Amino acid sequence: MSTAETPSARTGRTITTNIPARLDRLPWSRWHWTIVIGLGTVWILDGLEVTVVGNIASRLAEPGSGLSITSGQITGIAAALYVAGACSGALFWGRLTDRFGRKNLFMITLAVYLAATALTAVSWEAWWFFLFRFLTGFGIGGEYAAINSAIDELIPADYRGRVDLIINGSFWLGAVGGSLLSIVALDTDLLAANVGWRLTFALGAVLALVILLVRRHVPESPRWLLIHGRDREAEEIVSGIERRVEAERGERLPEPEGELEIHQRKNVTFLEIARTVFGRYRRRAVLGFSLFIGQAFLYNAITFGFGAILTTFYDVPSDRTGYYFAVIAAGNFFGPLLLGKLFDTVGRRVMISSTYLLSGLLLFGTAWLFDRGALSAATLTACWCAVLFFASAGASSAYLTVSEIFPMETRAMSIAFFYALGTAAGGISGPLLFADLTGTGKVGDTVLAFSVGAALMCAAGLVAVFLAVRAERRSLEDIARPLTAVAGRAKAAPQGRGPTAPPAASRP
């Protein structure tokens, strides 16, 4: 429950609440699957978008596609604009998410994505295509901030790591779909050259509309409501969840352990956010920046040129590169799926550092084999599967890390800031740089591209060895005390004591 204690004209009421403890002690239930489906499935669309564009680049550049554009412009300029849109969208929507709520923003940002994707499908000029690739990224960037905030605040502490990793890793389910879909789109026996690629973007808009309808049933974060003076709404939401879970399990839930006293307030200034992130938590800021830089260069830079590498060095037809990328994408998804639970059991520090270091070392090995001419298209794909099995879990943990190691009032903005900063460094400059490197047809240039990504992943892994936070199975309020919390008045639940685990078959 939440109880008002003392009014304050300047900061609002002071309340004592056990709502965070009540959310964290919940067992896994059908209600939590609703959250996963309503919020997490958008990454499938992101994976679909990025992969389709990369795989159909060669077809869009051909005469008769309906666009006067080159393959280099698609994998270079359009890719960089998409990432630039995502970075600026993350910062813009991230601030609004902390101020106006998770639900308001994850509805709006998905609507922006839907509209921009639909308009991409009817592009008739290159500048039109570039504009709406930027706006599509603008919507997706906002999704990263709003969705990761909401997921972490609604999922119980015992399952937060694996759920967050699997949801972020679902990007690669979309990548598998995008790879296979591009094969159909590029088949001129089935679809005209100026029609197939348009239908792929139109399909993305239709799927976004379906997700938008499902997302209406996802509630606002009770944690956000508490801090912003809407504790009655928070109480109603949590009580409703508890009733559903108890009805599903046929037994009463255990009593929550731990209370928190907070001064309610409407807004947190940029100055307070900066002081918190770069003053009080400067070591965590270094960690977040390092993790995002490493994964951004590996994914947003090198993978954009994978299709070009296959066609240039192994004479793989452009309409068959989708098969290879589908295999790689599947390996990416299985990484978070199979390793996710270990982030909650073995722990964050060990798993984050090991996944980054292993993927970097394996990529160095791939570069060495490629330089020696020891790889075929199939074996290169196998090497990438091994690299990205670990890299995908590590990259997903970057989003998990920055969403849980800073105070709740700064959560969405922290996610947005580190995503934008890391992705801008690796995701905007990366495609422009590596499109040139992989496009030269020189083995040495491609080896250099691989080596840069590998070095940055290893460097981030070493940072995690020393700076990663042991956040596994701990409440968000215990990991980073809310700025509105009253000093010395919280009664936290004992560490390591979580809710009763459901049967293995019901775990995500």
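Reply: **A covered strand and its surroundings**

Strand S2 (residues 14-17) is covered on both faces: Thr14 and Thr16 on one side, and Ile15 and Thr17 on the other, are all buried. Buried here means under 20% relative accessible area, exposed means over 50%, and partly exposed lies in between (1.4 Å probe, protein chains only). In a regular strand the side chains alternate between the two faces of the sheet.

The model is a predicted one, in which local features need pLDDT of at least 70 and side-chain atom pairs count only at pLDDT 80 or more, while totals for chains, interfaces and linings use all residues. Residues are numbered from 1 along each chain as its sequence is written, and side-chain values use heavy atoms, with hydrogens and water left out.

The partner of S2 is strand S3 (residues 260-263), and the two pair in the antiparallel sense over four bridges; strands pair if DSSP finds at least two bridges between them. Threonine 17, for example, has leucine 260 in S3 as its bridge partner. The protein chain holds three strands in total, along with 21 helices. Both are DSSP runs numbered from the N terminus: helices are H or I with at least four residues, and strands are E with at least two. Of the 508 residues in the protein chain, 57% count as buried.

The loop between strand S1 (2-6) and S2 contains arginine 13, which forms a salt bridge with aspartate 231, their closest N and O atoms being 2.2 Å apart. A salt bridge is a side-chain nitrogen of Lys or Arg within 4 Å of a carboxyl oxygen of Asp or Glu. Because aspartate 231 lies in helix H12 (residues 231-249), this pair ties together parts that are 218 residues apart in sequence. Arginine 13 is partly exposed at 30% relative accessibility, whereas aspartate 231 is buried at 7%.

Helix H12 takes part in another such link. Glutamate 235 in H12 and arginine 22 in helix H1 (residues 19-24) are 213 residues apart, and their side chains meet in a salt bridge of 3.0 Å, N to O. Glutamate 235 is partly exposed, with a relative accessible area of 23%, while arginine 22 counts as buried at 6%.

The structure holds 18 salt bridges. Elsewhere, glutamate 477 and arginine 223 form one with closest N and O atoms 2.7 Å apart. Glutamate 477 belongs to helix H21 (residues 476-479) and arginine 223 to helix H11 (residues 222-227), so named parts of the chain 254 residues apart are linked. Glutamate 477 is buried at 14% relative accessibility, and arginine 223 is buried at 2%.

Arginine 223 is also among the contacts of aspartate 152, leaving aside neighbours within four places in sequence; contact means heavy atoms within 4.5 Å. Aspartate 152 is found in helix H7 (residues 126-154). This residue is buried yet has no salt bridge, and the nearest side chain of opposite charge, arginine 160, is 5.0 Å away. For charge, Lys and Arg count as positive and Asp and Glu as negative, while His and the chain ends are not counted.
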